[in-house]
Structures are given as C-alpha cells and as structure tokens.
Amino acid sequence: MRKIIAFKSYFFDFIKSLSKAETDKIMRALDLLKTENRIPAHYIKYIRDGLYEFRVTFINNEFRIFFIYDGNVVVVLINAFRKKTQKLPSNEIEKALRLKQEYYETKRDK
C-alpha cells in the first residue's frame, strides 16, 4: 500500500471547490493509486521530469491531479485542476514543476 500525502494545501483547496459527487469520485480513484500495484494506463500519464498526471473523469468533467513519487512508497499530490481544453495547459505543468522543486527544497531543509 502506498502512502499518499499532499504538498501544502493546493490539492485540498481544489477538492473544496468541487461537489460532493465529484470529490467522492476523485477519492475513490485515488484509492487505486494507494492500493494497486498496476494502475490502468488511462488513469496515469507521465508528463516529464518525474511529474505524472492522474486522470479522473466524472460525467462530462475531466480532472487532473499532478503527482510525483518520493521513493518507492510515497505519492505526493502537488496540484489539481478541472481540464477544460483538449490540450494540457502548459501553465499548469509549469506550476506543478515549480511545486515539485519547492517540495524537494522544503524536504532538504528539514
């Protein structure tokens, strides 16, 4: 079983903006990430530089949650958004990469 943690409050701030049904769907999907060794390919996509996106679809909404692996067991949820366009927004990728760097800097300073 993987331990899932969220870096700062970005993920939880996003979750608070969703309906209960949307939140429930995302949390059930994240349980797969926590418990399964092999996750179906339609859920996870490698972006670049150790950054992955976790994909969740609910009705006509596409949700993306950026994450990184920290070692073999910890998954760090960095940020999330509701996808509104066909292409993944580059500003969201850049934000996630900045947060990834900030996460490792914070961890190193401890």
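1. F67 is buried, at 0% relative accessibility. This is a predicted model, and the value is computed from it. Y52 has a relative accessible area of 22% and is partly exposed.

2. The rings of Y52 and F67 form a stacked pair, because their planes are at 20 degrees, with centres 5.4 Å apart. Stacked requires planes under 30 degrees apart. Y52 sits in strand β3 and F67 in strand β4, so the pair ties together parts 15 residues apart in sequence. Ring pairs also link Y52 and F67 with Y46 and Y69 into a cluster.

3. Strands β3 and β4 run antiparallel and are joined by seven bridges.

4. Helix α3 covers residues 90-109, 20 residues in total. From first C-alpha to last, α3 reaches 29 Å, close to the 28 Å expected at 1.5 Å a residue.

5. Which residues of α3 are buried? They are E92, I93, A96, L97, L99, K100 and Y103. Seen down the axis of α3, these buried residues fall within an arc of 160 degrees, so they line one face of the helix. An α-helix has 3.6 residues a turn, so residues three or four places apart point the same way. On the other side of α3, the exposed residues are S90, N91, R98, R108 and D109.

6. The buried residues of α3 pack against β1 (3-6), α1 (10-16), β2 (44-48), β3 (51-58), β4 (61-70) and β5 (74-83).

7. The aromatic pairs number 10. Among them, F7 and Y103 are edge-to-face, 5.5 Å centre to centre with 85 degrees between the planes. The pair links distant parts of the chain, 96 residues apart: F7 is in the loop between β1 and α1, and Y103 is in helix α3. Both F7 and Y103 are buried.

Key. Residues numbered from 1 in each chain as written. Predicted model: local features only at pLDDT ≥ 70, side-chain atom pairs only at ≥ 80, totals over all residues. Heavy atoms only, no water. Helix = DSSP H or I, 4+ residues; strand = E, 2+ residues; numbered from the N terminus. Expected span 1.5 Å × (residues − 1). Buried < 20%, exposed > 50% of the residue type's maximum accessible area, 1.4 Å probe, protein only. Arc of directions from axis to C-beta. Contact = heavy atoms within 4.5 Å. Pairing = 2+ DSSP bridges. Phe/Tyr/Trp six-rings, centres within 6.5 Å; stacked < 30°, edge-to-face > 60°.
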